[in-house]
Amino acid sequence: MVSESGGNGFSLRKLLRDDRFWKAAFQVLTLMGVCLVFAFLISNLNRNMARQSIKFGFSFLSNPANFSIGESVVEYRPQDSYAKALFVGLLNTLNLMTAGIVWATIVGITAGVASFSQNWLVHKISRAYVGVIRNTPLLLQLFFWYFAIYGLLPRPQAQLSISNLIFLNNRAVYIPWPANTSIAWASLGVLIVAGIAALIIWRWRIQVMVEKGASGKAQGMALMAIGAAALIILVFGLGWQAPQGLEGGGATGGLKLSREYAAALTGLTCYTAAFIAEIVRAGIQSVSLGQWEAARSLGLAPNVVMRLVVFPQALRVIIPPLNSEFMNLAKNTSLAFAIGFPELYSVATTTYSPTGRPVEVFLILMATYLTINLLISLGMNQLNQAVQFKER
Amino acid sequence: MRNWSFLLMALTVAVAPLSACSEPGTSTNTSADGQSSNVGGSRLQVVLNRGRLVCGVEGSIPGFSFLDESGAYSGLDVDVCKAVAAALFDDPDAIEYRRLDTTERFTALTGGEVDMLSRNTTWTITRDTSVGLEFAPTTFFDGMGMMVREDSGITELEDFEGKAICVTSGTATELNLTDQMRKLDISFEPVVYQNRDATYAAYDEGRCEGITSDKSTLISRRSTLPTPGDHVLMAVTMSKEPLGPVTINNDSAWFDVVKWVTYGLIQAEEFGITSENVDEFTTSKDPSIKRFLGVEGEGTLGADMGIPNDFMYRAITHVGNYGEIFDRNVGKDSQFKLERGLNDLWTRGGLMYAPPFR
């Protein structure tokens, strides 16, 4: 460009007319501005803390917490440190988040696919569900589930029992759950190995069917055998324990879901699933009509058209927005505080009140949620790459 | 041409927030090296300039601070705010109330959103030191109690083994409860809510066997439950809960005003000065009473703090002395009929005692 013309020295006029100079200057100025704003905020914080004689620091984390937490995955006692208490809160958050993501995905995809159903009722139910849930605030829904639905359950003394497998009362829900024995863990390991083996055989079957035109019958038989074995292990090997209802209410054995956890999980699942349903619907609609017609003209059954032709193509559109729904769900778990679930945000507020360390605690909170969401994003990006067009 | 406008925009974007934010900073800096009177950099000056007190209250505890149907606040805690506003502006309604829940109250105060808190806040050493607060004299000596259903059969804390207790987050009670139960080696299930209304709603519909809070709060909230008669307070006091107004640390000028207005309410009761007879006392022969009421030419108790000399006269005219405030809100003239007990004057065996006004 102009400034590169020859060596007769530096010229201010030339410089001022150079587009690249201004681009660079703009960036430097922006950077300076951002730095100034941060410097101001930090100095403001320092000044205010100095005025109140508060020193910034994280050493309080090793002090004993002295408060109890309602439910915990790991053992926690009040004499444990604040760091341990926050860790307990984090585990509760992760627990709620993981279960929420799994259930929201299942319910969301089902509701999304159901909106294409030929069945009038199924179609309408799906649309009504999405319409109602998506347009009301989540906090309201959580209160609704907690007070109006789970609150209506009878007292522990008169608890509901569903064929002695599930017990429901207004304190907790008890469901059957695998026993914590070595046999159960071994069975779980076998199931995982079987799953991997089945996946490999599945791919092999498709490969021989596509490349060699083989029937794939042998592999199909193997898959069915694995499936049957897995089913037997699933039912008997895991040592499922049905909860035993107690006379005075409650139950032993099985898995106890506190009313707070159950309401938070139901609320988060329903809410997020409605958004996922819309994403799935949009993804499916993005597949051109020609693909449907072509698949049908090959004589494929409607469910096969969806499973093998349309849905894999829709995934390319579905995955990126799904990522942000998962991240929303991760952040929304903090609302469970309102209905008494001791997740990370709840423990954090209990921490900063007696310690007077809101700044430090909020920094920890921000860093934690940021890390969780970056990890979710990382995972979803991997998945996204896997479903993109394979350029051959 | 286009580049210039870009540059201009960048500069504006970079500078605008700075100039906007730097104002409070510079004002504190200039006042730091100010006059012998330290009123300049104080919250007191901010409040006086504003002409209105911003007071943080609870808002959902009848008798202490309660927002009624007509949108008016009433209660013992509210009357303390009113006394301060009356002392400063001769107008008990020159107040902007902020309803704060237990988890946000201290950040609202230290962040400068409110001038003072008057909302059932327990005076503890950690709050006084590491949280960065300053506690004005206690206006209500309370103890932590436990409320249960009368038909639950629970009579002592030992009965809570394996049972659930509802509690509001971020309170001293939450910590005291754990301490008490640890001492007795009882394992219980705490259910912690951020919002007081949610805590009581959950208790009422049977999520918890017991609910714990300050006894005064329990008595007051019991009156809002659908069937108050079904619930009883257990005969246990789990902790000392001295409740009083709170201001920010390291601001003596403002803290002094809140502290001495509060003491003044107690002193007025000791003098026997009420909202009805205060005018008779202005002609009293007792110089200490004249000084106290700031009668012309009798001392400069108010001016020494940077507020009018007749600050206590104003406060008493508008809200009355401590005894009147107590009786009106929680005592014999209220629905709660609480005994004065510890909250009586020291001359009658209570703990209410004001240092000399001289």
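This is a tour of a predicted model with chains A and B, going from chain B to the interface and then to chain A.

Residues are numbered from 1 along each chain as its sequence is written, and chains are lettered from A, and ligands numbered from 1, in the order in which they are written. Local features need pLDDT of at least 70 and side-chain atom pairs count only at pLDDT 80 or more, while totals for chains, interfaces and linings use all residues; side-chain values use heavy atoms, with hydrogens and water left out.

**Stop 1: chain B as a whole**

Select chain B and colour by secondary structure. There are 13 helices and 14 strands, taken as DSSP runs numbered from the N terminus (helices: H or I, at least four residues; strands: E, at least two). Of its 358 residues, 56% are buried, where buried means under 20% relative accessible area, exposed over 50% and partly exposed in between (1.4 Å probe, protein chains only). The accessible surface of chain B is about 14900 Å², and carbon and sulfur atoms hold 52% of that; such areas come from the Shrake-Rupley method with a 1.4 Å probe, and for residues only the protein chains shown count as cover. Among contacts in chain B between residues at least 6 apart in sequence, 70% join residues at least 24 apart; a contact means heavy atoms within 4.5 Å.

**Stop 2: helix H8 of chain B**

Select residues 215-222 of chain B, which form helix H8. Ser216(B), Thr217(B), Leu218(B), Ser220(B) and Arg221(B) are buried there. What do the buried residues of H8(B) pack against? Their partners in chain B are strands S2 (60-61), S8 (140-149), S11 (210-214), S12 (231-233) and S13 (240-243), together with helix H7 (196-204).

**Stop 3: two salt bridges in chain B**

Show the side chains of Arg98(B) and Glu113(B), which form a salt bridge at 3.3 Å, N to O. The term requires a side-chain nitrogen of Lys or Arg within 4 Å of a carboxyl oxygen of Asp or Glu. Arg98(B) is in strand S5 (residues 95-99) and Glu113(B) in the loop between helix H4 (105-110) and strand S6 (116-117), so the pair ties together parts that are 15 residues apart in sequence. Arg98(B) is partly exposed at a relative accessible area of 25%, and Glu113(B) is partly exposed at 42%.

Next, select Asp344(B) and Arg348(B), whose side chains meet in a salt bridge of 3.0 Å, N to O. Asp344(B) counts as buried, because its relative accessibility is 13%.

**Stop 4: two positive phi angles**

Most residues other than glycine have a negative phi. Go to Asp90(B), where phi is positive and near 60°. Asp90(B) is in the loop between helix H3 (76-89) and S5 of chain B, and is partly exposed at 39% relative accessibility. Then go to Asn250(B), which also is not a glycine and has a positive phi of about 60°. Asn250(B) sits in the loop between strand S14 (246-248) and helix H9 (252-271) of chain B, partly exposed at 42% relative accessibility.

**Stop 5: the interface**

Show both chains. Here 44 residues of chain A are in contact with 49 residues of chain B. The two chains bury about 4000 Å² between them, 56% of it on carbon and sulfur atoms; buried area is the accessible area (1.4 Å probe) that two parts lose on being put together, summed over both. Trp22(A), Gln52(A) and Arg171(A) supply 16% of the area that chain A buries against chain B, more than any other three residues.

Between chain A and chain B the count is three salt bridges. Select Arg259(A) and Glu205(B) to see a salt bridge at 2.1 Å, N to O. Which elements give two or more residues to the side of chain A that touches chain B? They are helices H2 (19-51), H5 (138-149), H8 (259-286) and H11 (344-355) of chain A. H2(A) gives the largest share of that side, eleven residues.

**Stop 6: chain A**

Select Arg357(A) and Glu360(A): their side chains form a salt bridge at 3.0 Å, N to O, and both residues are buried.

Finish on the surface with Trp185(A), Leu188(A), Ile192(A), Ile196(A) and Ile200(A), a nonpolar patch with about 530 Å² of accessible area together. Patches are made of residues with over 30% relative accessible area and no salt bridge, joining like charges within 9 Å and nonpolar side chains (Val, Leu, Ile, Met, Phe, Trp, Tyr) within 5 Å. Leu188(A) lies in helix H6 (residues 182-211) of chain A, and is partly exposed at 35% relative accessibility.
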